[in-house]
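Hello,

Here is the structure I said I would pass on. My notes follow below it.

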Amino acid sequence: MRIAEYTETNTTTWDNVPSCVVQMAGCNFRCCFCNNRRIVDVTEGYLSPSDVIESIKNNTFAEGVIITGGEPLVKRNIVSICRRVAAVEGIREVCLTTNGLLLPQLAPELKAAGVKRINLSLDTLDPDKYSYITRIGRL
């Protein structure tokens, strides 16, 4: 499991819940606007899930966690990570940002793991533009 970055608290969720951000490494798309290879292609200097969970436990300000990427759903243990995050005392909201490609298979498990919100990143509804932007995906 590669986690590219953990930001203690610099944002809020849609309901203004003070939140920290976990940026997962790796993605199943190669979008033309995503030039942050440090997040998409992390090979060293990444964080372990246990390190991030411990940081969330020690964060006295955050009441929410936003898990983003790269693409979090490409991680084999993303459901387990979401469950562990949701179980941290004081965390009342776990949110995910995803390109949605793997969401149909994982949505029920993510909900059961405590994910409260999903932000679907969809940059266009035009099939040709979508293929161009993602370089891989199809609508």
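All 5 of the 5 residues of strand β3 (residues 64-68) are buried, so the strand is largely enclosed by the rest of the structure. Please keep in mind that this is a predicted model.

The burial holds for both faces of the strand: Gly64, Ile66 and Thr68 point one way from β3, Val65 and Ile67 point the other way, and all are buried.

β3 pairs with two strands. Strand β2 (residues 18-24) runs parallel to β3 and is joined to it by 5 bridges; in this pairing Val22 stands opposite Ile67 of β3. Strand β4 (residues 93-98) also runs parallel to β3, with 4 bridges between them.

**Helix α3 against helix α4**

Two packed helices are described by the angle between their axes and the distance between the axes. For α3 and helix α4 (residues 103-112), the axes come within 9 Å and cross at roughly 20°. Angles under 35 degrees count as roughly parallel, and α3 and α4 are therefore roughly parallel to each other. The crossing of α3 past α4 is right-handed. On the α3 side the contact is made by Ile78, Val79 and Cys82, and on the α4 side by Leu106, Glu109 and Leu110.

Regards

How values were computed: Residues are numbered from 1 along each chain as its sequence is written. This is a predicted model: local features need pLDDT of at least 70, side-chain atom pairs count only at pLDDT 80 or more; totals for chains, interfaces and linings use all residues. Side-chain values use heavy atoms; hydrogens and water are left out. Buried means under 20% relative accessible area, exposed over 50%, partly exposed in between (1.4 Å probe, protein chains only). Two strands pair if DSSP finds at least two bridges between them. Axes are lines fitted to C-alpha atoms, for helices over the stretch in contact, and angles run from 0 to 180 degrees between N-to-C directions. Angles under 35 degrees count as roughly parallel, over 145 as roughly antiparallel, 65 to 115 as roughly perpendicular and the rest as oblique. A crossing is left-handed if the near helix is turned anticlockwise from the far one by less than a right angle, and right-handed if clockwise. Contact means heavy atoms within 4.5 Å.
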